[in-house]
Amino acid sequence: MTKNDKYKPTVAEKKLLEVLINPENIGKTVTEICNLAGISRNKYYQALEKEEFSNLVNETTMDLVTAKAGSVLNAAYKYAMKEKGFQDRKMILTIAGIYVDKTQTELSGGIEVSNPYEGLTEEELRKLASRDG
């Protein structure tokens, strides 16, 4: 699909999109969402099976979150100055793509370290050190 062929949702999909991106509807059942959108469950599942519609929902949601990120960060900063806890802000920053958890990397294998001075006597080491200085 090119930019000129941009996906155009149906009337039912537009109603569903409005309900899905409304934060007040998070956690509602499929039946409740369908009732709010005025569509059947069948239309709901048909819409979500379309990759283009799912992408539209995701992109629109991310646009809304990103647009509000500045306000959220300011509110989070003010809250952080007074309260303890950070999980709510961490979640918002993660969704906005601003925060990523640290990862720990484990390495396997070994490193061979050779000591070119191994086996030299103390006297030989002193001679080498006096030449370098």
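Predicted model: local features only at pLDDT ≥ 70, side-chain atom pairs only at ≥ 80, totals over all residues.
1. **H1 against H2.** Helix H1 spans residues 11-20, and helix H2 spans residues 30-37. They pack at an angle of about 120 degrees. Their axes lie 8 Å apart. H1 and H2 are therefore oblique to each other. Their crossing is right-handed.

2. **What touches in the H1 and H2 contact.** From H1 come Lys 15, Leu 16, Val 19 and Leu 20. From H2 come Ile 33, Leu 36 and Ala 37. By class, this contact of H1 with H2 holds six nonpolar residues, no polar residues and one charged residue.

3. **H2 against H3.** Helix H3 covers residues 41-49. Its axis and that of H2 come within 9 Å. The two cross at roughly 100 degrees. Angles of 65 to 115 degrees count as roughly perpendicular, and H2 and H3 are therefore roughly perpendicular to each other.

4. **What touches in the H2 and H3 contact.** On the H2 side are Val 30, Thr 31, Ile 33 and Cys 34. On the H3 side are Arg 41, Tyr 44 and Tyr 45. The contact of H2 with H3 divides into five nonpolar, one polar and one charged residues. Ile 33 of H2 is listed here, and Ile 33 is also listed in the contact with H1.

5. **H1 against H3.** H1 and H3 pack too, at an angle of about 85 degrees. Their axes are 10 Å apart. That angle makes H1 roughly perpendicular to H3. H1 supplies Ala 12, Glu 13, Leu 16 and Leu 20 to the contact. H3 supplies Lys 43, Tyr 44, Ala 47 and Leu 48. By class there are six nonpolar, no polar and two charged residues in this contact of H1 with H3.

6. **Residues to look at across these contacts.** Leu 16 and Leu 20 of H1 meet H3, and Leu 16 and Leu 20 also take part in the contact with H2. Tyr 44 of H3 meets H1, and Tyr 44 is in the contact with H2 as well.

7. **The largest pocket.** The largest pocket holds about 400 Å³ of space. Its lining has 13 residues. Nearest its centre lie Ile 21, Pro 23, Ile 26, Thr 61 and Val 65. Helix H4 (51-82) and helix H5 (87-95) are the elements that give two or more residues to the lining. H4 gives the most, with five residues.

8. Which classes line the largest pocket? Ten of the lining residues are nonpolar, two are polar and one is charged.

Key
Residues numbered from 1 in each chain as written. Heavy atoms only, no water. Axes fitted to C-alpha atoms, helices over the stretch in contact; angles between N-to-C directions. Helix = DSSP H or I, 4+ residues; strand = E, 2+ residues; numbered from the N terminus. Parallel < 35°, antiparallel > 145°, perpendicular 65-115°, else oblique. Left-handed = near helix turned anticlockwise from the far one by under 90°. Contact = heavy atoms within 4.5 Å. Nonpolar A, V, L, I, M, F, W, Y, C, P; charged D, E, K, R; others polar. 1 Å grid on protein atoms, 1.4 Å probe; cavity = no way out; pocket = protein on both sides within 12 Å on 5 of 7 lines; lining within 4 Å. Points joined across faces, edges and corners; volume = space filled by probe spheres on them.
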